[in-house]
Amino acid sequence: MSHVFHRMPRQAYPVAVGGEGAYVLDADGKRYLDASGGAAVSCLGHSHAGVIAAIKAQLDALPFAHTSFFTTPAAEALADLLAESAPPGLDHVYFVSGGSEAIEAALKLARQYFVERGEPQRRRFIARRQSYHGNTLGALAVGGNLGRRTLFEPLLIDVEHVSPCYAYRDQQAGETAQAYGERLARELDATIERLGAETVIGFVAETVSGATLGAVPAVPGYFQRLREVCDRHGILLILDEVMCGMGRTGTLFACEQEGMVPDIVTVAKGLGAGYQPIGAMIASSKVYEAILAGSGFFHHGHTYVGHAAACAGALAVQRAIAEENLLARVRELGAGLASRLRQVFQHHEHVGDIRGRGLFWGLEFVADKAAKLPFDPALRLHARIKANAMHEGLMCYPSGGTLDGRAGDHVLLAPPYILEEPQLDEIVEKLGRAVDRSIAEIRG
Ligand code: PLP
């Protein structure tokens with residue numbers, strides 16, 4: 001019996017013992033091509049010598065210094081690098097240990113911003129259905145995945161949910177992408193009016209939806225229209241780039257491709273690439289200066305904020321992304337992955353949609369392609385695909401079930417940026433076999 005409290009205690013897990021580039025090795029010597037970076041984490045693969053050396057050097061010098069007493073060269077250099085690379089104005093970096101913590105920090109900073117400005121009546125957030133922002137209670141509250149929320153509903157803060165930007169399902173026949181984006185902006189606008197803008201703190205969204213829908217980019221212009229709505233009502237725009245940030249979509253921040261700048265952005269996964277647990281909330285000068293001019297104290301904190309070894313690891317990861325020219329590689333490999341996915345799956349009778357950006361791609365599976373009819377959630381197609389892919393020696397990230405009352409089966413691909421071209425073929429070949437075997441299983 002294992003004494004590890006596994007999330008799914010009835011499931012048997014292979015034992016991971018090694019990593020070689022894009023592959024994870026288990027105790028039986030089986031190799032798994034990590035086509036999802038775990039959950040869009042391992043962007044440098046599993047054996048980057050430079051990152052490992054940087055962490056070892058930091059551990060030799062000083063593993064940890066509590067931030068109530070000290071700052072460290074690693075935290076300062078990493079914050080400088082992020083502030084220099086982030087869209088203009090986003091230049092104050094608060095380090096945490098992961099994505100949910102980054103969202104919690106963003107929610108609390110946004111609330112404090114308005115209290116400092118003498119607007120304590122602002123107490124609620126607006127977010128999107130079918131979204132995922134993490135598993136702590138605040139993050140769960142802004143998240144719009146009913147499957148994860150329902151059990152904890154009585155414990156959650158007041159959040160209003162609006163439609164996601166999900167063109168495959170919600171853009172109407174004959175409606176242009178621009179008109180669709182404008183319709184969604186009007187929905188947000190009407191929601192703010194209904195709630196009373198003076199009660200709203202901010203709007204929270206993933207720049208590219210990840211964990212629930214499998215890489216859905218917004219239609220062009222959507223985020224610009226949302227920015228205008230938020231500005232008109234004086235509410236903050238918080239973008240969650242925990243999954244899609246740090247180069248995953250081909251630019252360091254996914255919002256660089258949206259022609260607008262949020263007030264707060266959160267990042268995690270690709271920040272430390274799995275070599276260390278680390279996330280960050282990056283706040284604009286506008287928000288930061290309100291704290292500085294007010295109480296001068298952010299009412300938040302964790303023991304491991306700005307952990308020295310975590311910052312040193314993330315600094316090495318981000319330097320590697322720059323020095324190894326990996327953003328260009330993400331765009332190039334991403335185009336190769338997209339064309340292979342289309343080649344293999346576009347005409348597949350059960351693949352309804354293939355969407356993504358950079359090295360962040362999602363497939364949506366349907367029982368009937370013309371009607372876009374999902375499979376019965378009880379069949380758990382997405383989970384079968386994951387299991388069959390593991391059998392093939394491939395990691396892909398599933399999502400599905402009933403997401404906010406809507407059924408769907410999705411698979412997310414988010415392979416490491418250091419991938420070699422032939423591994424793109426390996427991904428689509430293995431995934432193709434896993435999909436076909438899973439569909440054969442449910443047909444009996
Ligand atoms: N936000 C987004 C968009 C995510 O995809 C995730 C995790 O998948 C989180 C937040 C939560 O991050 P973590 O699991 O590191 O707490």
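Author: What follows begins with the model itself, turns to the ligand shell, and ends with the strands and the whole fold.

This is a predicted model, in which local features need pLDDT of at least 70 and side-chain atom pairs count only at pLDDT 80 or more, while totals for chains, interfaces and linings use all residues. Residues are numbered from 1 along each chain as its sequence is written. The mean pLDDT, which is the predictor's confidence in each residue from 0 to 100, is 96 for the protein, and 99% of its residues reach 70 or more. For the complex, the predictor gives an ipTM of 0.99 and a pTM of 0.98.

Around the ligand there are 15 residues, of which Gly98, Gly99, Ser100, Gly134 and Val242 come nearest; a residue is near a molecule if its C-beta atom, placed from the backbone, lies within 6 Å of it. Helix H4, residues 99–116, gives the most to this shell, with three residues.

Turning to the strands, an open sheet of four has the order E1-E2-E3-E15, with mixed pairing. Its edge strands are E1 (16–20) and E15 (394–395), each of which pairs on one side only. Two strands pair if DSSP finds at least two bridges between them, and E2 (residues 23–26) and E3 (residues 31–34) pair in the antiparallel sense over three bridges, with Val24 standing opposite Tyr32 in E3.

Elsewhere, strand E14 (residues 360–365) runs antiparallel to E17 and is joined to it by five bridges, with Leu363 opposite Val411 in E17. Six of the eight residues of E17 (residues 406–413) are buried, so this strand is largely enclosed by the rest of the structure; buried means that 20 or more other C-beta atoms, placed from the backbone, lie within 10 Å of the residue's own.

In the protein as a whole there are 15 helices and 17 strands, these being DSSP runs numbered from the N terminus, with helices (H or I) of at least four residues and strands (E) of at least two. Buried residues make up 51% of the 444 residues, and the C-alpha trace spans about 65 × 60 × 45 Å along its principal axes.

Definitions and conventions. Buried ≥ 20, exposed ≤ 12 C-beta atoms within 10 Å, placed from the backbone.
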